[in-house]
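We'll take a walk through the fold, stopping at a handful of spots worth a look.

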Amino acid sequence: MRLILIVMGALWGAWSGLLLPRAAHRLSVDPEEPWNDHCPDGHPITGPFDGWLGRAHCATDTTNAHCGPYGPRTPAVSTATALICATLAAATGPHPELLVWLLATPVAVLLALVDLRVHRLPDVLTLPLAAATLTLLGITAALPADAAGSWPTALYGGLALGATYEVLYLLNPAGMGFGDVKLALGLGTALGWYGWPVLVTGAFAGVLYGAVYGLGMVALRRAGRKTAIPLGPFMLGGAFTGLLLGAFAVA
């Protein structure tokens, strides 16, 4: 059964990952700017859902020739998303919360891509991610199936981690964006599902990953002490670590 889940998770991740480069390109804009609606060569982006779904390729109206891919490298994104989903499936096994993790993974990868490109975590992703995670975990907890976590702890975990990051933001607004605070709501909810120790571990891992990256960049003289770094990918990496530890502990 677990092998089937791993294969299905990998297939879901590979397919959903194919759609992320276009969305990452469209969302990679500065605050207050409209979403990108043209490829780098100036062709309008069209397709289902006002051009949000589809591969990161476009064609001109006159030659019907592809101008080439744009956005992050599609094979790399698809492979990474597939590996993350497969790993979560292997760790979680036949517990209903696995569906929540698989649905959230493409959104998490998309957030990481956008933050790496423009140091921004769009509200259109962070807030729905938090709300959807909390709602879906609530449904999971109500199912007669063998859920492995606690919905009340997920709720309190989201509030706790969000409040912690808000305090950090107020103390040092130059060190992080308010998008990190909003992202912490969803990550705290997911981590809190497996309990407070997992929440603390995942949150600490995210801070540690970011610190190691920042120190490495300084050591390589590719950044200074005051250079801003995107925290989102490291917060997400820490949450991924925490979820794996929590899932393996209850497997």
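Leu3 sits in helix H1, which covers residues 2-18. Keep in mind that this is a predicted model. At 62% relative accessibility, Leu3 counts as exposed, over the 50% cut-off. Now look for Ala86: Leu3 and Ala86 are 83 residues apart in sequence, yet 9.5 Å apart in space, going C-alpha to C-alpha.

Next, go to Asp50, in helix H3 (residues 48-51). The backbone here has a positive phi, near 60°, in a residue other than glycine. Asp50 also counts as exposed, with 63% relative accessibility.

Now for helix H5, residues 97-118. Its 22 residues reach 32 Å from the first C-alpha to the last, close to the 32 Å expected at 1.5 Å a residue. Even so, have a look at Thr105: H5 bends there by about 30°, and a proline, Pro106, follows within four residues. How many residues of H5 are buried? The count is 16 of the 22, so H5 is largely enclosed by the rest of the structure.

Step off the end of H5 and you land on His119, with a positive phi near 55°. Like Asp50, His119 is a residue other than glycine with a positive phi. His119 belongs to the loop between H5 and H6, and with 43% relative accessibility it counts as partly exposed.

Carry on into H6 and you get to one end of a salt bridge. The structure holds one of these, and it joins Lys182 to Asp123, with the closest N and O atoms 2.8 Å apart. Asp123 is in helix H6 (residues 123-142) and Lys182 is in helix H8, so the pair ties together parts that are 59 residues apart in sequence. In general, side chains of opposite charge can pair when their charged atoms come close. Are the two partners buried or exposed? Lys182 has 17% relative accessibility and counts as buried, while Asp123, at 38%, counts as partly exposed.

The largest pocket holds about 1000 Å³ of space. It is lined by 40 residues, and the closest to its centre are Gly175, Met176, Asp180, Ile229 and Leu231. H9 gives the largest share, seven residues. Sorted by class, the pocket lining has 22 nonpolar, 10 polar and eight charged residues.

The structure holds one cavity of 30 Å³ or more, and the largest cavity has a volume of about 50 Å³. H7, H8, H9 and H10 each put at least two residues into its lining, and H9 gives the most, with three. To find the spot, select Leu161, Tyr165, Leu187, Leu191, Gly202, Ala203, Gly206, Met235 and Ala239, which line this cavity. By class, that makes seven nonpolar, two polar and no charged residues.

Technical notes
Residues numbered from 1 in each chain as written. Predicted model: local features only at pLDDT ≥ 70, side-chain atom pairs only at ≥ 80, totals over all residues. Heavy atoms only, no water. Expected span 1.5 Å × (residues − 1). Bend = angle between axes of the 7 residues up to and from the residue. Buried < 20%, exposed > 50% of the residue type's maximum accessible area, 1.4 Å probe, protein only. 1 Å grid on protein atoms, 1.4 Å probe; cavity = no way out; pocket = protein on both sides within 12 Å on 5 of 7 lines; lining within 4 Å. Points joined across faces, edges and corners; volume = space filled by probe spheres on them. Nonpolar A, V, L, I, M, F, W, Y, C, P; charged D, E, K, R; others polar. Salt bridge = Lys/Arg side-chain N within 4 Å of Asp/Glu carboxyl O.
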